[in-house]
Every structure is written in structure tokens, then in C-alpha cells.
Amino acid sequence: MNSSLYALIVEDLDFWQDALSEALAEAGYQVYVAASRAEALEALARNKFQLAVIDPVLDDTNRRNRDGLHVLQHILDEELDMCVVLVT
């Protein structure tokens, strides 16, 4: 990533991935999209983000799935210095 502002979008739905990516890119962010908990954790291990936009429920067919909240918990546990926005 070459830009100075980095954003991680953790969202499984294509429509929201595209909409959020476009909005954040227009705001000057270099955007990485993760569609799953595993992809998000890998991205967090490899990059320093200033912003994470997280869908707490990453599987709309299973409303009990809380993988997005696990990503948030990882950010808190690792004390990563970033802003987090939860979107549902």
C-alpha cells in the first residue's frame, strides 16, 4: 500500500464492499476489502490501517454469525491504533 491513509472494509456483500470502497477512496483512503474473518485477520497482520469499517454479521444467511465482532475483538486485544466503525 502506497497511500498514507489505509482503510479495511470487513463486509461480505458485494454491494456494500463497492459502495464503501468508493466512498473511502474518494476520501483519500487506500482500501483493502476482506469478505471473511480470516481475510480480515490476515490483512491486519500485514498492514497498518487507520480505519476499519466492520459488518458484525458476515453471513446474512446465518444471523448468529458474529465473525465481524471477532475482528473487532482482535483489534481491541492487540491494541491496534485505529478508528472502527460498525455497520449493519
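The model is predicted: local features need pLDDT of at least 70 and side-chain atom pairs count only at pLDDT 80 or more, while totals for chains, interfaces and linings use all residues. Residues are numbered from 1 along each chain as its sequence is written, and side-chain values use heavy atoms, without hydrogens and water.

Helix H3
- Gly68, Val71, Leu72 and Ile75 are buried in H3, which spans residues 67–77.
- Seen down the axis of H3, these buried residues fall within an arc of 100°, so they line one face of the helix (the arc is taken from the directions from the helix axis to the C-beta atoms).
- The buried residues of H3 pack against E1, helix H2 (37–46), strand E3 (51–54) and strand E4 (83–86).
- Glu79 follows H3 and has a positive phi, near 55°.

Strands E1 and E2
- Strand E1 (residues 6–10) and strand E2 (residues 30–34) run parallel and are joined by five bridges (strands pair if DSSP finds at least two bridges between them).
- From E1 the chain crosses through helix H1 (residues 14–26) to E2, a right-handed β-α-β crossover (with the strands pointing away from the viewer, the path from the first strand over the helix to the second runs clockwise).

Gln17
- Gln17 lies in helix H1 and is buried, with a relative accessible area of 12%.
- A polar atom of the Gln17 side chain lies 2.7 Å from the backbone oxygen of Glu11.

Technical notes:
Helices (H or I, at least four residues) and strands (E, at least two) are DSSP runs, numbered from the N terminus. Buried means under 20% relative accessible area, exposed over 50%, partly exposed in between (1.4 Å probe, protein chains only). Contact means heavy atoms within 4.5 Å. A polar contact is a pair of N or O atoms within 3.5 Å; within protein, one must be able to donate a hydrogen and the other to accept it, and residues adjacent in sequence count only if both atoms are side-chain atoms.
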